[in-house]
Amino acid sequence: MRGLVAISFALGLLVLGYVGLSGGWPIWLVSLFGAFALACIYYALAGMAVVAIFLRAILAMLPIGAAAGAIIYFVISRDVLETEETRAVIAAIVVAAGWIVAFVTGEMRKTNLEQERRRDTIRAALVEIEQILAATAPTRWDDIAKETKAEFEKDPDYVIFVMYAPQFSVLKRLIEQVEILHKDQIERVMALYQLLDRIEEIEERFDMEQFKSLPWQRRQKVVLRYIELQKKVPTAAEGAEAALKDAPFWGLLRRLR
């Protein structure tokens, strides 16, 4: 669909340029329309991933080309070398600039791939956090705590059953590679992870015989502590979600695939 739009836009530009040329427009303006049309056609044929390569090359060439041009101008303006020597120096500067552009373009590509990996991991973690919020935020934990107290007082052998436990496998992987997070994100993401990790540990103990053999008062205390931790999950999840969405700016090229 995007390719068809790009081709249609390119054809419109070509028609407009032809009409403008017939109408006496400056040649540079018509050429500009033609260049945009060719760029649109190239985008439709090659895709943005290939176009992004040229954009990165241009971004690398701008500062390096400017620096190389300044050095060449300095060499020519001093007029301290013979003609052949000047040509050799200029050729060496151009070759060196080309090597630097190639190196910078490669490093930009590596950086973009690393940023893309970070974005994908964080995006998956955000989806998981949103699911945790959807599962825990509507729960009225204060009412559940009161009901649990009443059940234990009514029946000391009351057994708790956890029907649903929050899944946070992506969050675990994110913590394992915490270096991909910005320093302002780490604290709130770690707070949510540690909270969910404590809850998971308590849930595992619910099925242990040691827990089931405890006096009912102690079992009740553990369960109420579990409910109190669950009550904190929505707030911690909202904090982690806000931190992950407040990502550092990586530049416009990060969106190019």
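Modeller: pLDDT is the predictor's confidence in each residue, from 0 to 100. Keep that in mind, since this is a predicted model.

Biologist: Which elements of the protein chain have the lowest and the highest mean pLDDT?

Modeller: Start with the general idea. Where pLDDT is low, the predicted coordinates should not be read in detail. Here, helix α1 (residues 2-22) has the lowest mean pLDDT of the elements, 63. Helix α9 (residues 216-245) has the highest, 90. For the protein chain, the mean pLDDT is 79, and 78% of its residues reach 70 or more.

Biologist: Take α9, then. At what angle do the axes of α7 and α9 cross?

Modeller: Roughly 155°, and the axes of helix α7 (residues 183-206) and α9 come within 8 Å. Angles over 145 degrees count as roughly antiparallel. The pair α7 and α9 is therefore roughly antiparallel. The crossing of α7 past α9 is left-handed. In residue classes, this contact of α7 with α9 has 18 nonpolar, 3 polar and 4 charged.

Biologist: How do the axes of α5 and α9 cross?

Modeller: At roughly 170°, with the axes of helix α5 (residues 141-154) and α9 coming within 10 Å. By that cut-off, α5 and α9 are therefore roughly antiparallel to each other.

Biologist: Which residues in α5 and α9 meet?

Modeller: From α5, the list is W141, D142, I144, A145, T148, K149, F152 and E153. From α9, the partners are W216, R219, Q220, V223, L224, I227, Q230 and K231. Sorted by class, the contact of α5 with α9 has 8 nonpolar, 3 polar and 5 charged residues.

Biologist: Now α4 and α6. What is the angle between them?

Modeller: About 140°, for helix α4 (residues 83-136) packing with helix α6 (residues 169-176), and their axes are 8 Å apart. Apply the cut-off of 145 degrees for roughly antiparallel. The helices α4 and α6 are therefore oblique to each other. As for handedness, α4 passes α6 in a left-handed crossing. On the α4 side, T121, I122, A124, A125, E128 and I129 take part. They meet S169, V170, L171 and L174 in α6. This contact of α4 with α6 divides into 7 nonpolar, 2 polar and 1 charged.

Biologist: How many salt bridges does a search of the whole structure find?

Modeller: The general idea first. Side chains of opposite charge can pair when their charged atoms come close. The search finds 6 salt bridges in the whole structure.

Biologist: How far apart are R123 and D120 in helix α4?

Modeller: They are 3 residues apart, so about one helical turn separates R123 from D120.

Definitions and conventions:
Residues numbered from 1 in each chain as written. Predicted model: local features only at pLDDT ≥ 70, side-chain atom pairs only at ≥ 80, totals over all residues. Heavy atoms only, no water. Axes fitted to C-alpha atoms, helices over the stretch in contact; angles between N-to-C directions. Helix = DSSP H or I, 4+ residues; strand = E, 2+ residues; numbered from the N terminus. Parallel < 35°, antiparallel > 145°, perpendicular 65-115°, else oblique. Left-handed = near helix turned anticlockwise from the far one by under 90°. Contact = heavy atoms within 4.5 Å. Nonpolar A, V, L, I, M, F, W, Y, C, P; charged D, E, K, R; others polar. Salt bridge = Lys/Arg side-chain N within 4 Å of Asp/Glu carboxyl O.
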